[in-house]
Amino acid sequence: MGFGTFVIGICMVLLAFLIYKEIKRTHRHWLTGRIVVSIVMIACFAFLILPLSFETSLQNKKGQLNLITDGVSADSLAKIKGIKYYTDPLLADQLKQKADFIPDLAYYLIEHKDVQNIEVYGYGLAADELKKLKNYKITFHPSAMPYGIISCNWTEKLHEEETFTVQGSFHNTLNKAIQLKLTGFGTALDSVMLPAQKLSNFNLNHQIRQKGKALLELIALNGKDTLTKEIIPVQTITRVPLRVFMLTSFPSFEYNFLKKWLYENQYPLMVRSRISKDKYSVDFLNRNSSTINSIQAGLLEKEDVLIIDQQELENISPAEKRAIEQAVTKGMGLIIWADQPGANTALINSFKLTTLQVQDKLTNLFVLDREMALASLPSNQQLYISPSSRQQAVIASKEQHLVAAEELYGNGKIVATTLQNSYQWMLSGQQRDYARYWSELINAAARKQEPGITLQTHDYRPVVQHRLLFQIETADTNVPLIQYGEKHLAVKQNLLFPNSWEAQTWPLNSGWQTLSVNQRDFNFFVYGKANWKALRQYELLEQNLNFVRQHQVEVANTQETTTVYRHEVSKWWFFICFVFAIGFLWLEDRVFNRG
Amino acid sequence: MIELFRALALSLGIALLIGSLFNYWHGEPIYWVYYLVFILAAIVFLSFHPIWKIDEKYISRYLDNQFPQLEDSSALLLKEPNELGLLEGLQVAKIVQHLPLQQVFKPISSKIFIALAWLIAGAGVFMLLEHVPSLRSSSLKAEQAPKHKVSVEKVLPQVASYHLSIVPPTYTGNAPREQTQFTLKVETGAKVSWNIRTNKPVQSFYMIFNGEEKFKLNPTGANATEWSFSKQLDKQGFYQLELDGVKSDLYQIDIIPDFPVNIKILQPKPQTVIDVGMPTQIDLKALLSDDYGITEAFISATRASGKGESVSFTEKKINFNVSFKGAKSLTLNKHIDLKNLGMKPGDELYFFIQAKDNKGQQSRSDVYTVSIVDTAELMSMAGMTSGVNLVPEYFRSQRQIILDTEKLLAEKASIAVEEFKKRSNTLGIDQKLLRLKYGQFLGEENETEIGGDHDDHNDNDGHDHGKQDTQPEKFGDVQALMDKYAHKHDIAEDATFFEPEIKAQLKAVLNEMWSAELKLRTYAPEDALPFEYKALRLLKDLQQKSRVYVAKTTVKTAAIKPEKRLTGELKEITAPQQNLHYELKDHTKEELKLLLALLDLHKNGKPFSANDQALLQSGEKQIIIATASHPASYLPALKSLRRLSAQKLPALNDLNTVSNAIYNLIGTGTSLPQAQTKGLSKKLAEHYFNHLKGY
């Protein structure tokens, strides 16, 4: 204080002296101007020595913490009253000067015991942060639904030639319809137009053509401008050849065509057709021979599918029937060519066959599961399966008459089909429909493969540099050896299921990664942080809304407090003013003297 | 660096400003003032900002302060990587992705801006006061670079100049042309000559077509710089040059094919039937077109006469009486009199147009037939005397009407006009009666109660017509017969037992009968005759349709004894057994599928390994085959694939082009049965499941 008063005093004296000199000047040119400039000069001089500061204040409710998260627009940021904080370091650029950074929310809350009420703005806090806020009252002010794909789903692991489907919803905020394109392999695979200003669902398809891993892209286009671009990883599962066993009472066309088709597609095949009493014609295709004159349980153990016609099923001995029943109970698939209603045999009598007087040709069969139409057949079909609550339709005509249906039987499945002339597809050159039909039937029935080891990532979409949790199940209870990159990962055994394990890591790179469990490789894809942003934002939004809904904490009404901030004005401004003022005084004098 | 620059700029600016002002005021330039002020300013600045103290630690502290995303860990980056602990390593990997940081200098950029402003102000004042010429000189007009035309083709550097002369085959009539472009688009069979001059002598010069045919070139000049080669091109594909072992880019060969003459017959219809009374002639009208010119066209007509086993064929060539002169498109008309060809009733004529273009390619139209109805055949009773016939008398009646009409016409000269008219009218009445009888089949209104509607329908029996009729059935009574099957109490037309097709034909018969009746009633029996014939022909067709033919059998088999079935001795019979292994010889599709996935994996710029190269080569074979047949669609892919094999780092563009080509080569596949996988079965769960089944 003493120094300040001293400086002001000196300055006053100096100012008085200068004004005196100005007034006493002979020509008195620009007198008022010069006096004003002198005052400014002296003031600047004083502020150069004594710092000038001003204060601002912020109204804040007591016990309230304003947390800004991703997704808050500049407009809404300005409307938020009180001191603002943020915890996400990535927001630093956007929120610098506007909000304060809290490196760790938990620490901050321990230090500031008075905080009871947390106002969250934007898309919300991550799940692990939310977990720490269970005892606080959280008011969530969600941002608007993000633009782009806000939900999306597909199967990552597919069989070869399988149709890949990606479904989801897109939030289009533009005033224009946009195109959503599924691209890959340098070409567009499928596309759809999405209407303007609407949340609309999409469904895109593509038949898998590669063998191995591939990255497809989902691109939203507005004319030629790319709006969003998302990655879709897909990988194919190695084909495991199914072992098929066929039994017929006589070698029908259907039987011969199916045999040839399976043989040429390299399926291990064992077929037997009856010639006479206890005499059979036997083929072993793509496999080693064995004795199959009588069917025993041991023989069927390794087979995946047994295809048999109804007559043969009735012809075989009771012991053989029992063997088949047993095998189906243990998981083998059974496909029956049914051709006569009112069968007594145990495996087929649950399928109620009816004869319908349908004169027209079989034109509109379709695969129910995939809503896939099959080409028409040149002959008519009269035998159908009546719907039953225990059975599921596989193939039906458009009039909902079932041609093929499946039924659970123990661990296995029984499929019955009344179609006896599917080979006519082959004859009329519609191999694709024939393949679809039989693939569908065999897939429905076939024994399911034991994977040996299953691996799942805890997150549906693992993100780089986030904790990635693997859930591993092995066949036995030995500790699995898990290798990720060059490191071995430690595993944690599940307390209840001893063959279930957990391992965790933090993937450092995005892209395809491999984890090997007991020397078996599993591929998974790690997304970059920029991938699926809108979707993650939307998920976060939902998560926060849910959290707030579930954790309603009541807090007493809070009072307002005022925080005062002190800002200092930079001395450079005064220095510049000072130099200009001095310069003016000197220059004015010189110019006048010359003039 | 930035700090030093800032110090220099600030000091220099201040020095220039103050120095110039001082000199201006002083009058004479004293240059040491600049240096003095500069040094003073620099010293003052450096005492505030000791830039020699800036080191790595200072920077990492500064960065940590400014960028929260570094999580106070930037100092870890200064450590040697092998000194880092596991956690430190993870943290480094986490923050490394934020590097390089954006806008590191944003906070100090304003300070630099101030310093620069000083510098500019100082320099400005200095220049103003020293009367330095204005900035005009520095504003040089940027000369527009001449538009450089990007050449589409890449030519080997050894090639100094080249030109290609193309001589199209004579049939095209196109003039020979020259081009200085390796990509070719030529007519089939065109002869192409390449004249290439190299800028230095070349030891060996080859031309490789479709990646397999290799031709060695001989120099035309003395010093092995001028080369020429010519070849007749017949198929699409691509080629490249090889000079001293250096291969050029691939150049496309597109072939403009010459299609054979396109023939379109506008008239008559593919099948024409000429009825009695109609003129036995046809007017043929055809449209012919070709790419380059038609040289010849004629009608090839085959007459088939006779029936059964004595059918004889006579072929005849009928020329159009026009000269073609290589016209590109022509409309041809030909009037053919069938009688001149020797056609009799019952004969058939098959004809087609054959044409030849100026390349000598022949083409022909579909075969058209014309048949003249044989009245004698219609009149024969052959079809009626055997087999079951429900309505024989009606057919006979129509036949009778025709016979009577012909008889009337023959006697026309010898009888009086009155008599003629009367008989004609009587025939008309007969025709009407016949028509009405047929009309009943269609449920037409009956005018004269012929046949009559049956009203013995018992209301009580409802729809049950299985009830026995007590009345004895009259033999040959069609009405009674029909009543057994027909049900007439709703729409009469639907009550008949005819199929819609037969009904339509019956209607046609009735139409013809109508016309015949009209002519007979107007005393023009000669005009009625064609209609009568047509009616008879249609009736005959109907009759054939409804007939089922069963051949007589002479063999009688013994009755089967069910108890003896399958009781034969089968010991000697061995069961046939077959063991086969299917060998898939063509693995190309599998390889292409693997290659497709491989290309996708390398989109991140990873170079191809030796194994990958092998796969690329097998893919190249497939693309070469595809390129040879479709150069326009696959040549870019082949070029890209070669670039991929040659270059170390794959370019995304090439990968996309090749992927696209391979994707198309694979095509859509058929689905095959594949086993689904299930979850791991735990013993406990299985146990539970097995117990569950009991309930």
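**Reading the pairing and the interface**

Reply: In β19(B), Gln577(B) is the bridge partner of Val282(A). Before going on, note that this is a predicted model, in which local features need pLDDT of at least 70 and side-chain atom pairs count only at pLDDT 80 or more, while totals for chains, interfaces and linings use all residues. Residues are numbered from 1 along each chain as its sequence is written, and chains are lettered from A and ligands numbered from 1 in the order in which they are written.

Me: Which strand of chain A is joined to β19(B), and how many bridges are there?

Reply: Two strands pair if DSSP finds at least two bridges between them; strands (E, at least two residues) and helices (H or I, at least four) are DSSP runs, numbered from the N terminus. Here strand β17 of chain A, residues 279–285, is joined to β19(B) by 4 bridges, and the two run parallel.

Me: How many residues of each chain are in contact?

Reply: Contact is defined by C-beta atoms, placed from the backbone, that lie within 7 Å. By that criterion, 50 residues of chain B are in contact with 60 residues of chain A. On the chain B side, the elements that give two or more residues are α4 (86–96), β19 (577–580), α13 (588–601) and α16 (652–666). The largest share, 7 residues, comes from α13(B).

Me: What is the strand order in the open sheet of 4 strands in chain A?

Reply: The order is β30-β29-β33-β34, with antiparallel pairing. β30 (487–489) and β34 (520–526) are the edge strands, each pairing on one side only. Within the sheet, β29 (residues 482–484) and β33 (residues 511–517) of chain A are joined by 3 bridges, and Gln483(A) stands opposite Ser516(A).

Me: Where does UniProt place the feature "transmembrane region" in chain A?

Reply: UniProt positions are given in the numbering used here, feature names are shortened, and annotations may be inferred rather than shown by experiment. The unreviewed UniProt entry gives residues 6–23, 35–54 and 569–587 of chain A. Residues 6–23 of chain A are 100% helix and 0% strand, with end C-alpha atoms 26 Å apart.

How values were computed:
Two residues are in contact if their C-beta atoms, placed from the backbone, lie within 7 Å.
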